[in-house]
Amino acid sequence: MSPTESDLPGTAPLLTVRGLRKAFGRHEVLKSIDIDVRRGEVVTLIGPSGSGKTTVLRCLNGLEVPDAGVVEFGGELTVDFSAQASKKQLSALRDRSAMVFQHYNLFPHKTALENIIEGPVQVQKRPKAEAVQDARELLARVGLADKENSYPFELSGGQQQRVGIVRALALRPQLLLFDEPTSALDPELVGEVLTVIKELADEGWTMVVVTHELAFAREVANEVIFMDGGVVVERGHPDTVLRDPREERTRQFVDRLLNPF
Amino acid sequence: MTANWELVWSSLGPILMGAVTGTIPVALASFGLGLLLALVVALMRLSRNPVLSGIARIYISVIRGTPLLVQLFVIFYGLPSVGITISPWPSAIIAFSLNVGGYAAEVIRAAILSVPKGQWEAGHTIGMSRRQSLVRIILPQAARVSVPPLSNTFISLVKDTSLASLILVTELFRQAQQVAAFSQEFMLLYLEAAVIYWIICLALAGGQSVLEKRLDRYVAH
């Protein structure tokens, strides 16, 4: 189940975000953010904590409702948050993407397989047999074929996050959103999760990844966006932003991540 | 005092009959109805609608702030004076259900709030409505947390049904009272009643452990 072959990288824009704003009370978390993601492209959001990068993802998946801004999806859905967005529009936007959470958020009372088929069967009303078959194929692809009957507590963090990724894939979204997918993992488990994400990128999945893993961003991303204080400070090719940034703030942030001491 | 074993034996029949035809069915019916009511009240209390949560708050406050015996008497002896007459059995079940509804609502509310917010968010991201997330994701997890406190409520209820003897429901304690009045063996009959209540509650506590084990199968030990 990979995106269709017409979705070649760098062709048509899948997602266009203009002027996205969000405040919590009097605290402005996002001050007019613009983002473009083309089909098959990987965009990574980096920045210090509190910079608003996670809020961007949450707005795209409808976990937060922005105060203003326009989100255009695939040229067929436009949601203008400056006007009153309808419930129908919000759920249409939500259904086009799927989120992978920092803390996995698997359903602890369901097995790995049950976690994965919950959305396809209960929400999308797909036949259960088909959903199960899909889920098994996806589990096998992330190396968890033998874990379908395990409950989340029986899995390591890395395994849980791979189930989380499969749960998102099983929804067949057009866009994958990763919110610091490796930040809660023990260091030795980070690699197995990043490998899976990289393979998905190679297969042509479109994704927006919030991460602190600069090596991953450099290798996988088509574009790196550095955010700070609710604004985009710098964006561009990873080689530029991560090796030779124009902005002093970007340089300081990257230096701190590379040389923590 | 020498125990009158013959009386113990002969009174066992009517007292157990009172338990089987009175105490146990009243407790089961009241607990079932009370839990349904409690779920509704808990959801109202959690609602963002101030009218709904206000009604729930007042209801819980009244139930917890007044004696169960008074609630029972208002329904059975009080309501007839405003033209509503309810016979003993339904009166008892209504009073106990309303009482469980108030107490268990707070248990269920706390259990729902104990489920991490990320579970609602995971439900949202796979496309669920809030109602779907509640039913399929949140409540099953809340159920596990609420088994011990709800077992408390149920065990209290079983003992509280003895109050129904005061509105003429023929249950365990009323049977014991009648034999005691007739035989004048008060100590013996009331201790006998106490032991039978205790045995019923022991069985319930056993049921609680079984249920807890069953629901614990998906958490780390």
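These entries record what I looked up in the predicted model of chains A and B.

**Confidence**

I began with the scores of the predictor. The complex has an ipTM of 0.91 and a pTM of 0.89. For chain B I noted an average pLDDT of 94, with 98% of the residues at 70 or above.

**Overall form of chain A**

I counted the elements of chain A and found 9 helices and 10 strands. I then compared the radius of gyration with the expectation for a compact globule: for 261 residues that value would be near 18 Å, and chain A agrees because its own value is 18 Å. The C-alpha trace spans about 50 × 45 × 40 Å along its principal axes. Of the 261 residues in chain A, 47% are buried. I also looked up how far apart in sequence the contacting residues lie. Among contacts in chain A between residues at least 6 apart, 65% join residues at least 24 apart.

I traced an open sheet of 4 strands in chain A, with the order 2-1-4-5 and antiparallel pairing. Strand 2 (27-38) and strand 5 (77-80) are the edge strands; each has a single partner, so one side of each lacks a neighbour in the sheet. From one strand to the next, the twist averages 10°.

I next examined the pairing of strand 1 (residues 13-24) with strand 2. These two strands of chain A run antiparallel and are joined by 9 bridges. A:Arg21 has A:Lys31, in strand 2, as its bridge partner.

I then asked what lies across strand 4 (68-73) and strand 5 of chain A. It is helix 2 (residues 87-95) of chain A, which runs at about 125° to strand 5.

**Two residues with positive phi**

A:Ser32 is not a glycine, yet its phi is positive, at about 65°. I placed A:Glu180 in the loop between strand 7 (175-179) and helix 6 (187-203) of chain A.

Which of the two is buried, and which is partly exposed? I counted 14 other C-beta atoms within 10 Å of A:Ser32, which is therefore partly exposed. A:Glu180 has 21 other C-beta atoms within 10 Å; the cut-off for burial is 20 or more, so A:Glu180 is buried.

**Nonpolar cores**

I looked up the largest nonpolar core and found 113 residues in it; A:Val166, A:Leu176 and A:Leu177 have the most contacts inside it. Helix 4 (residues 88-114) of chain B supplies the largest share of this core, 13 residues. I listed the neighbours of A:Leu177, leaving aside residues up to four places away in sequence: among them are A:Leu57, A:Leu60, A:Met99, A:Val100 and A:Val208. A:Asn61 and A:Ser97 also touch A:Leu177. A second, separate core has 10 residues, including B:Ala176, B:Leu188, B:Leu189 and B:Tyr197.

Conventions: Residues are numbered from 1 along each chain as its sequence is written. Chains are lettered from A and ligands numbered from 1 in the order in which they are written. This is a predicted model: local features need pLDDT of at least 70, side-chain atom pairs count only at pLDDT 80 or more; totals for chains, interfaces and linings use all residues. Two strands pair if DSSP finds at least two bridges between them. Axes are lines fitted to C-alpha atoms, for helices over the stretch in contact, and angles run from 0 to 180 degrees between N-to-C directions. Two residues are in contact if their C-beta atoms, placed from the backbone, lie within 7 Å. The radius of gyration is taken over C-alpha atoms; the globule rule is 2.2 Å times the number of residues to the power 0.38. A residue is buried if 20 or more other C-beta atoms lie within 10 Å of its own, exposed if 12 or fewer, and partly exposed in between; C-beta atoms are placed from the backbone. A nonpolar core is a set of buried Ala, Val, Leu, Ile, Met, Phe, Trp, Tyr and Cys residues joined through C-beta atoms within 7 Å. pLDDT is the predictor's confidence in each residue, from 0 to 100.
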